[in-house]
Amino acid sequence: MVPDQETRLSDTIPSGSGSKTYVLPVSLPQKVTLATSGKTLTLLLTPGSTLICHLDFTDLTMARFHGTDSLGVINEYLIKKNFSASMPISARRASALHTAANLQELSVQMDALYLEELQFFNKNIGRLPKWYQQHEYWDIRYADATDRMNAVNMREHSQNVKERVPIHYYRFLDSLNVNNPAAKSCASYYYFLYEAFNKRMNANDLANGTKSSFIDYHIDQAGRELSSEVSDLFKAFIVQLTFNHYKREVATEYLKIHGDIFSEDIWKAELEAYFKSKVVRAAKGKIPPNFVLADTKDSLTWLRSLKGNVIVLSFWFAGCKPCIEEFPAENALAEKFRNKPVRIVSVCLNTSKVVWKTWSERFGLKTINLWANTEWEKTIIEKYDLNVFPRYVLINRDYEIAEMNADKPSQGMEAQINSLLAR
């Protein structure tokens, strides 16, 4: 949960059957997703525990689990919940948000889905361990409330129309506590607090004609209303959210000045380590900064998933004449090393998705052809220090940067790749 060290793994079982083992870092009971056979399964992991999954890819409803601390029983419940209807409840809530005619109709649909989820939980509660009964109950409650609060702004932005909010729309808040240590291990609780404090801040600013500082307001509310065991987690959550989704310098400067906001010093240290891990730039001998980008079929490719190969990163943008001039040589290298552990990856930046696809087809790129959206674009340009195009970065089979300014494909890159293969 905090710090938000997101872990993504992409793997296959070549023969269609067999076993794989993974280690994932979690500091609290945490849900993860497993995407396989066209389905996305929600699983729960707990610190220090082992979960063994037996999956029949032809019928995922037959999944069976073994684990310590009743983890197997919990995950069998989650699978059963996932397949209790043709579409999971979370997906139906997301669909209702966009398809309901108005907020009144949305409220009715959300009530029905909440009741359905609670009834399923009550029907299966006897099989679940006591600690998880509490965890799941609050997770359901706060996830439902978060979606309802978020729906108002989401619908306004998607429809570009400000809807009238029915007078009793927010009645679901009446029975939910803002300070609830019993829910401290539920991720949905912290998103609920974020939305609830945002709602207060917007109402306060509207009434007084002011513009509050996002981070100051949330930290102040946490200090006023949350017990220390919840407050530290939420404050760390907000500082990190500011760093990841707003302005990095705001978060780092805030922590530098207000490092005493935590009752436990560990949170300041964890956040500082997290910030440091995110701002490290690419350099020879270092692990390359990871990225997750879409290909022409809208599938995602993780740079880290190519580890074990010699990787060539080719950074370009539409309209770059020197980039275009290298495409034939890049295609030739892709063909030459097709049956060897070499992956040539074209990364398109500063270009719309439509134009990128058009140019990719026009020049027949045979490389692993990826497009960076605006969010990834800024990170990649910063971390790879991109100021000249085209730019070629070579990564060796040990997943370390071998050259930050490699030769062009038309000049000396083939020799550099062969040199890395020979090591």
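Where is the place of Y399? Y399 lies in the loop between strand 10 (391-395) and strand 11 (401-403).

## Basis of the model

This is a predicted model, in which local features need pLDDT of at least 70 and side-chain atom pairs count only at pLDDT 80 or more, while totals for chains, interfaces and linings use all residues. Residues are numbered from 1 along each chain as its sequence is written, and side-chain values use heavy atoms, with hydrogens and water left out.

Helices (H or I, at least four residues) and strands (E, at least two) are DSSP runs, numbered from the N terminus.

Y399 is not a glycine, although its phi is positive, at about 60°. With 5% relative accessibility, Y399 counts as buried; buried means under 20% relative accessible area, exposed over 50%, and partly exposed in between (1.4 Å probe, protein chains only).

N350 is not a glycine either, and its phi is also positive, at about 50°. N350 is found in the loop between strand 8 (342-348) and helix 11 (353-363). A relative accessible area of 42% makes N350 partly exposed.

Seven strands form an open sheet with mixed pairing, in the order 6-5-9-8-7-10-11; two strands pair if DSSP finds at least two bridges between them. Strand 6 (300-302) and strand 11 stand at the edges with a single partner strand each, so one side of each has no neighbour in the sheet. On average, neighbouring strands of this sheet are turned by 35° against each other, direction ignored.

Strand 7 (residues 310-316) and strand 10 run antiparallel and are joined by five bridges. I311 stands opposite I395 in strand 10. Helix 11 packs on the sheet and touches strand 5 (292-295), strand 7, strand 8 and strand 9 (368-371); contact means heavy atoms within 4.5 Å. The direction of helix 11 makes about 160° with that of strand 9.

## A pair of helices

The axes of helix 6 (residues 214-225) and helix 7 (residues 228-245) come within 9 Å and cross at roughly 175°. Axes are lines fitted to C-alpha atoms, for helices over the stretch in contact, and angles run from 0 to 180 degrees between N-to-C directions. Helix 6 is therefore roughly antiparallel to helix 7; angles under 35 degrees count as roughly parallel, over 145 as roughly antiparallel, 65 to 115 as roughly perpendicular and the rest as oblique.

Residues making the contact include F214 and I215 of helix 6 and F234 and K235 of helix 7.
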